[in-house]
Amino acid sequence: MNMTTAIKTQAETANDAIIETRGLHKVYGGGVTALQDINLSFKRGELTSLLGPSGCGKTTLLKIIAGLLEPTSGEVDVNGKPVKGPGPERAFVFQDFALMPWATVLRNAAFGLELQGVAKSEREDRARHYVAEVGLAGFEDKYPHELSGGMRQRVGLARALAVNADVLLMDEPFSAVDEQTRRKFQEDLIRLREVENKTFILVTHSIEEAVYLSDSIVMLSPRPGRLNRIVHPAIDRSGDPDLIRRNPEYLDLIDEIWAGLRAYVE
Amino acid sequence: MEFYGFKVPKAAALLFWAALWEIVGQFELLLLFPPLSEVLLALPDVLTTASFAEAATLTVTAYLGGLALAVVIGIGLGMLMGLVKAADNLLNMWVNIFLSAPLSALVPVIMIIFGMGMPTVVVTVFMFAVWIIALDTRAGVLHVSPSLMEMSTSFGASRLERFKIILLSAMPEILAGVRLGVIRGVKGVVIGQLLVSIIGVGALFSLYSQNFLMAHFWALILILFAFALSLAEVIARLEHRIEYYAGARA
């Protein structure tokens, strides 16, 4: 009886973690250690933020998980399989949007599907659905230069959603858009998570953003990038998204994290 | 353009110089400078002769042939230099030398290798146009946004698809190079034919100047200028459309 429970719990935890990193080290060419001994597991369906000051290797970690960079040592498992490069179960959202300027919103959003060889009418249908879901209905035939920064990032998000990956890796997705757009975007992301059952990993340098959005926050310390602390904000996000910003738990946690990170900045 | 507070179209500058030309010409100071009206009258004369039709066909064929070669090889070379560091180290200096070297001096050598005919002119056009196309293509390839390349990798693009993205990203610079190549190619075709001087417009130029038909001579120059400028304008239009797409690249 005890045995079976133990096995079951083990199986559950294994199922629970969609991504695991083991002993990740990354040393760049000039001898700069970007990451040192990173052991993490990311829970399925959660939004995890990688938070830290610049130089803490958070983007490096995200790109290693994406398979865009190779770790110097250690490994990453996604769905129990080691990562050897980019894969269809992970989709990336870029800081500078990385849209093709010569292609329309619809074609950009469908680009991941196009590369997978999905037939034109089907991929356009799916792209159209996600373009609408990120709030860009009616802009399908526009070109990126006709859109604002925030709208371009929505296209980047639609492109990542359209491939129906399990994990969305977002590299400071809101840092290149203005404050008002960012707030709206963050609120929309909370709504989006209610519809799309996906795992999100978000790199950010904004404490407010991390606390506002995340189920877990992984705090990294800089030079070399190491694990500092993991916090789990217990904030109810079901109501009015604006209320979260006045929630005492939200405000206290921001202060607490800032107190912890302050040392690295001073 | 404004002139003493009046709005004047840009073409007015052209009219001013045309008038000056006419006046200076009317003084008959120089045999070399017939008045513009005489040149314009000679235009239909030049255009309707059988030798012009023949020369024009020859020139256009040689020009387009040389230019097509320069575009294909120039873009290929520029791609290679932009993508392969070793090729860039090996070629960059030479391409820059050829770009700024007085290529007219090379035409006699080309003539020895390719003979006194069409191939020499084609090669001359090629030599005038290819280097700027190669260098601009290289610049375009080096400017391709790294995150766009990461994007295509992360969504599983094949080698060919990544290459297509590089080519399309570099398109504004490539077209700028082609436009400059088009203009330089006109220089090449004229200089090549002048030096060979027994074919195409080069033969016509020698014919007119040796017989002191200066009005015809200038008429032919006007035709050539108009040809070069309208070609460049066509490419510039195309370029403008591409720039428009590339606006979001920054």
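**Group meeting: a helix crossing, an interface and a sheet**

So, H4(B) and H6(B) cross in a left-handed way, meaning the near helix is turned anticlockwise from the far one by less than a right angle; clockwise would be right-handed. This is a predicted model, where local features need pLDDT of at least 70, side-chain atom pairs count only at pLDDT 80 or more, and totals for chains, interfaces and linings use all residues. Residues are numbered from 1 along each chain as its sequence is written, with chains lettered from A and ligands numbered from 1 in the order in which they are written.

Back to those helices (DSSP runs of H or I, at least four residues; strands are E, at least two; both numbered from the N terminus). The axes of H4 (residues 85-100) and H6 (residues 118-142) of chain B come within 9 Å and cross at roughly 135°. Axes here are lines fitted to C-alpha atoms, for helices over the stretch in contact, with angles from 0 to 180 degrees between N-to-C directions. That makes H4(B) oblique to H6(B), oblique being whatever is left after under 35 degrees (roughly parallel), over 145 (roughly antiparallel) and 65 to 115 (roughly perpendicular).

Now the two chains: 20 residues of chain A are in contact with 16 of chain B, contact meaning C-beta atoms, placed from the backbone, within 7 Å. Helix H4 (residues 111-115) of chain A gives the largest share of chain A's side, 3 residues.

Last, the sheet. In chain A, 6 strands make an open, mixed sheet, ordered E6-E7-E8-E3-E9-E10; strands pair if DSSP finds at least two bridges between them. E3 (residues 47-51) and E9 (residues 216-221) of chain A pair in the parallel sense over 4 bridges, and Thr48(A) has Ser216(A) as its bridge partner in E9(A).
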